[in-house]
Amino acid sequence: MYRYIINRVLLVFPTLAGAATLVFILMRLVPGDICLVRLGGGGTSFTAQALATCHAEIGINEPWILQYLNFLWGLVSFDFGNSMWSGKPVIVEIATRFPISLEVGLLAMILSVAIAIPLGTISALKQNTWIDLAVRSFSIAGLATPSFWLGIMSILIVLDVTQALTGTPWMPPIDYVPLWQDPIRNLSMVMLPAITIGYRYAAVSMRMTRSAMLEVLREDYIRTARAKGLINRLVINRHALKNALLPVVTVIGIEFAFLLGGLVVTEQVFNLNGIGRLMVLSVQNQDYTLTQALVILVVAFAILVNLLVDLLYAWFDPRIRLA
Amino acid sequence: MTVAAPTPTGISALADDYSLAPRGIFAISYDFLRRQPIGAIGIVLVLIFGLAGIFADWIAPYSPTANDFAVMTEAPNWAHWLGTDQLGRDLLSRILFGARTAFIVGLTAALLGGFSGLVIGVSSAYFGGQIDLWLQRVVDIVIAFPLIIMALAVVSIFGTGLQNVIMAITIPLIPRCARIVRSSALAIREVPYVDAARALGYGHMRIILCHMVPNVMGPFLVIITAFVGQAILAEAALSYLGLGVQEPVPAWGLMLQGGAEEYATTAPWIAVFPGLAIMLTVFGINLFGDSLRDVLDPKLRDR
Amino acid sequence: MQSGLRFWAAGFAVLLAAAPTIAAETAPKRGGTLTYMIPADAPPSFDGHREGTFATLHAAAPFYSVLIRVNPENPSSTTDFACDVCTEVPKPTNEGRTYTFKIRDGIKFHDGSPLTAYDVKASWEHIIFPPEGVLSPRRSWYTMVDRIEAPDPATVVFRLKFGTSAFIPALADPFTFIYQKANLDKDPHWYEKNIMGSGPFKFVAYETGQAIKGVRNPDYYRKGLPYLDGFHGIYAAKQATRIDAIRSDRAALEFRGLAPAGREELVKALGDKLTVQASDWNCGSLVQFNHKKKPFDDARVRRALTLAIDRWHGAQALSKIANVRTVGGIVFPGSPLAATKEELEQIAGYWPDLAKSRTEAKRLLKEAGAEGLSFELLVRAVDQPYKTVGIWLVDEWSKVGLKVTQRVVPTGPYLESQRSGNFEVYSGANCHGVPNPLLDVQPYLPKSYYTGNYGNFEDPQLVATYEKMLRETDFAKQRALMRDFEKTVIDGPTHTLYLLWWYRIVPHQSYVKGWKISPSHYINQDLAMVWLDK
């Protein structure tokens with residue numbers, strides 16, 4: 001078990017290094033650079049000398065290998081540098097946007113778990129009845145709907161419904177306030193995006209719950225418990241659910257791991273000032289330092305959550321724990 | 001995604017189930033449809049849109065790219081069954097031709113991604129050791145790498161256009177397939193007949209192709225069908241962000257980006273119909289994929 | 001006599017009855033916070049001297065004063081300039097080469113220090129003669145300035161190399177914030193990271209990438225202004241978000257301009273609660289050729305491409321779905337230097353007979369051996385109106401047998417393609433602040449004169465015409481030179497295709513008063529006269 005943990009932890013480093021190298025190369029392959037975007041983006045003309053000044057100021061014209069070594073050194077010493085676009089430290093840029101993305105992600109996860117596990121269980125228990133069909137259709141529809149389309153439609157529906165019912169249309173706030181400052185305003189901003197993402201998240205979890213429950217329900221020990229005369233509810237709760245939950249938790253965890261990178265489209269639709277939008281901006285602006293840091297962040301987040309999930313799995317599955 | 005323990009099944013499972021004598025493909029399909037009505041619905045949906053895409057040239061009433069300023073944003077009427085968009089282009093024609101784009105993107109990305117993933121996954125499982133270790137690291141990196149940055153970079157370097165969009169969509173699919181295939185393949189590797197084959201002196205290629213690949217076919221087919229749906233959704237998302245196919249090529253995701261938000265209240269049909277088209281197609285693909293998995297994985301089959 | 005008296009009495013009574021309404025309509029109320037949106041992502045900095053984007057201006061203009069500006073009471077005018085920190089706009093002396101400004105008394109920066117002519121001089125030198133390493137993208141507008149002097153704390157003198165009517169409009173550029181000399185001396189980059197002005201509002205806070213807040217400056221030198229207690233500017237790059245926000249009153253308006261569909265939606269949803277202001281915009285769409293790539297080195301091919309486009313009907317149709325409207329030449333349609341309709345109709349591409357145009361286009365293509373030519377149009381990945389215009393162009397060109405595909409790229413690669421000449425034809429825009437035709441047409445000059453022209457051509461005749469026009473003092477002669485210049489640019493050698501002028505539509509909640517629309521989204525953004533009627 002301990003060997004397993006140590007192995008997994010050690011493997012994090014080459015993965016991060018690989019991701020860092022990949023983003024480093026990708027960004028520099030894109031034609032143009034941040035100075036062009038800064039100088040020419042507003043439509044004004046600029047001289048070659050202005051461009052040269054900008055390059056020297058930011059340090060883009062240094063040879064790639066030097067930039068790469070600087071970058072790696074920065075990673076190791078936790079100094080991610082300044083954003084090339086605004087000049088502010090990358091940490092500050094990311095820290096101001098991380099909370100809202102995290103909030104949306106967590107809320108989506110909570111919502112989806114709250115829906116998925118009960119519905120998935122019912123669906124498994126009543127396999128092939130119309131309840132099962134309804135739940136399965138609901139979950140497959142969740143996987144089939146483009147999330148941004150759902151987001152657009154949901155804003156419009158809320159606007160139209162509130163206008164019809166109360167006369168004034170209502171829309172979630174467009175600027176962020178932290179949760180502790182004004183919980184109601186904060187929650188009203190993140191609720192719709194969380195539901196939009198949560199729907200798909202719930203769909204995946206629902207299907208996993210259903211198939212895991214189905215598998216467990218066929219096991220011999222369930223049949224034995226029923227034969228012993230145990231009430232069905234106890235059978236489910238005490239024996240089936242516990243064992244079915246393991247793969248479900250795994251799937252929920254894995255989905256959460258990749259949630260951060262997947263928030264991009266939702267944040268565009270709802271005008272959220274989060275990590276996803278920052279990623280789009282930093283690539284469009286060709287802000288190397290910021291993009292590199294963001295990729296490291298997202299990849300590290302994904303790897304760590306995956307690691308936690310695997311460890312959890314390994315801990316709860318005695319076959320692996322005792323190996 | 002679940003890592004199912006390997007079952008020595010495949011298409012042969014269907015045959016086992018329904019009779020002792022081997023039967024033709026038509027008979028198997030007929031039985032499949034009878035036993036899996038959900039899957040049948042799925043196939044029907046997919047066929048409707050697929051055939052629409054193939055025969056679009058003949059069935060579409062108008063050209064999908066012809067602007068007609070006389071009929072901008074018209075509601076559905078007898079001349080234009082699904083209405084027109086803000087440039088006067090007939091929505092029905094654009095959706096029909098859009099089906100073609102969707103399936104081209106979906107199938108190409110799924111097949112390319114799937115087969116590349118198959119090769120990587122099986123090789124990784126078969127050779128094991130250092131090769132497995134480093135291949136899996138690459139797989140980890142690409143899976144965790146944010147899709148948007150990859151897509152933006154691909155588009156910025158190579159430009160937009162159908163091939164580049166397909167490339168941007170295929171790249172994230174490869175490692176996901178590789179990972180799943182690898183889990184299935186890993187189990188088979190230890191099975192005695194592989195050892196026997198090695199002992200008999202069979203080459204790597206032969207063992208891989210003749211023994212391992214057929215046995216991961218089950219999960220692989222399910223993955224491919226899932227990928228087609230995911231690829232169509234990915235194209236929609238990329239077009240929404242402006243990184244997908246470009247005007248005036250008809251593509252459902254592009255139609256959602258162009259007209260959807262601006263005209264959502266004044267001309268809702270511009271947003272609703274492409275969205276419905278995507279939903280129904282992916283819905284059908286998923287239904288079919290689900291039934292396929294139910295059939296190929298005996299543990300989930302009904303008693 | 002009696003009836004006359006009764007008439008006057010009746011008239012007086014009507015006036016009395018109407019008086020409260022009139023008074024209520026015109027008397028601004030103090031108080032309230034204006035929430036508006038800025039339709040962009042956060043800019044690199046709030047330094048007006050350095051940046052050129054409205055994302056900076058809409059956020060920072062309320063904090064600063066400028067020397068002169070377009071008269072905020074009459075912002076649609078192209079000739080009405082008023083003073084901000086000066087006392088009056090001077091007439092030039094010394095054959096148009098010397099402008100002497102008197103600076104107002106009693107202006108203070110937000111930290112209490114007084115604003116003097118030395119600060120004005122230092123700020124303008126920061127713009128026109130920036131120190132090494134400091135960026136000033138609009139320097140080229142001020143090539144006519146020889147030097148700036150401040151003989152005493154209340155006088156600033158601009159000495160020009162030659163007299164030109166382009167100077168005053170250039171001086172009224174809204175990005176020319178007045179900074180403190182002390183800070184500029186200390187660090188010429190200080191204002192890239194700090195805000196310290198003398199404008200109607202004081203800086204409160206900036207939430208990175210999200211919103212900017214300002215509060216009334218109680219010591220503002222215009223007594224009684226600003227009416228607002230404060231403002232809250234939120235960055236919202238997506239148009240749908242902005243439309244929904246105005247509809248639900250999460251924000252009152254955005255100052256750049258919405259697409260016609262947005263206006264329709266808001267009118268439908270809000271009815272009376274919405275006011276829509278609209279104006280011609282000092283921005284236009286154009287097409288530029290790479291003269292080094294065959295067959296665009298052939299003037300016949302270029303001319304054919306402009307003849308193929310139906311601008312008159314296209315403008316009508318596109319104005320319903322995009323921010324375009326007016327057909328015009330290269331000069332802003334509202335300016336006295338602009339071509340009249342009759343003059344326009346003589347130019348290739350503007351002929352009233354479309355069939356004749358297109359036949360001629362096909363003939364030219366055939367003659368040049370470019371029949372059925374297929375090429376790529378480089379387009380920037382921004383929605384309104386670039387993409388719509390792009391689709392329209394592809395369709396128009398297909399009507400003369402050309403097969404055009406679009407290559408849509410984000411800003412960085414777009415600019416890089418232009419600079420490296422890696423394009424055949426690109427579609428772009430020419431956007432300016434205060435309408436100043438003499439400077440606004442600079443982008444059509446070849447690269448040797450204007451570095452931002454990537455057409456890769458030389459035309460010494462064109463440059464000579466321009467130089468002459470810039471210095472011409474007689475208006476009629478200047479106008480004739482402009483017609484000449486225009487014809488060379490978009491007809492004849494046809495270096496560039498001019499398409500359509502943009503149209504600015506700003507719908508806003510009716511309770512916002514005191515803001516008048518102008519041809520430029522850069523003008524009139526200090527919010528001093530805005531008040532809320534609620």
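**A colleague's note on chains A, B and C**

1. Let me start with chain C: 52% of its 534 residues count as buried. Please keep in mind while reading that this is a predicted model. In secondary structure, chain C has 16 helices and 18 strands.

2. On the overall dimensions of chain C, the C-alpha trace spans about 75 × 60 × 60 Å along its principal axes. The radius of gyration of chain C is 25 Å, and this agrees with a compact globule, because a globule of 534 residues would have a value near 24 Å. Looking at contacts in chain C with a separation of 6 or more, 69% of them are between residues 24 or more positions apart.

3. Of the 303 residues in chain B, 53% count as buried. Among its contacts with a separation of 6 or more, 71% come from residues 24 or more positions apart.

4. A helix pair in chain B is worth a look on your screen. Helix H5 (residues 91-127) and helix H10 (residues 204-240) of chain B pack at an angle of about 145°, and their axes are 7 Å apart. The crossing in which H5(B) passes H10(B) is right-handed. By class, 20 nonpolar, 4 polar and 1 charged residues make up the contact of H5(B) with H10(B).

5. Next, the nonpolar core. The largest one has 339 residues, and the members that touch the most others are Leu294(A), Ile149(B) and Ala151(B). H10(B) gives the most to this core, with 17 residues.

6. Leaving aside neighbours within four places in sequence, Ile149(B) is in contact with Val23(A), Met279(A), Val283(A), Thr291(A) and Val295(A).

7. Finally, the contact between chains A and C: 40 residues of chain A are in contact with 41 residues of chain C. On the chain A side, the elements giving two or more residues are helix H2 (34-40), helix H3 (48-58), helix H5 (90-125), helix H7 (147-166) and helix H12 (275-284). H2(A) supplies the largest share of that side, 5 residues. Sorted by class, the residues of chain A that touch chain C are 18 nonpolar, 17 polar and 5 charged.

Technical notes: Residues numbered from 1 in each chain as written. Chains lettered and ligands numbered in written order. Predicted model: local features only at pLDDT ≥ 70, side-chain atom pairs only at ≥ 80, totals over all residues. Contact = placed C-beta atoms within 7 Å. Helix = DSSP H or I, 4+ residues; strand = E, 2+ residues; numbered from the N terminus. Nonpolar A, V, L, I, M, F, W, Y, C, P; charged D, E, K, R; others polar. Axes fitted to C-alpha atoms, helices over the stretch in contact; angles between N-to-C directions. Left-handed = near helix turned anticlockwise from the far one by under 90°. Core = buried A, V, L, I, M, F, W, Y, C linked by C-beta atoms within 7 Å. Buried ≥ 20, exposed ≤ 12 C-beta atoms within 10 Å, placed from the backbone. Rg over C-alpha atoms; globule rule 2.2 N^0.38 Å.
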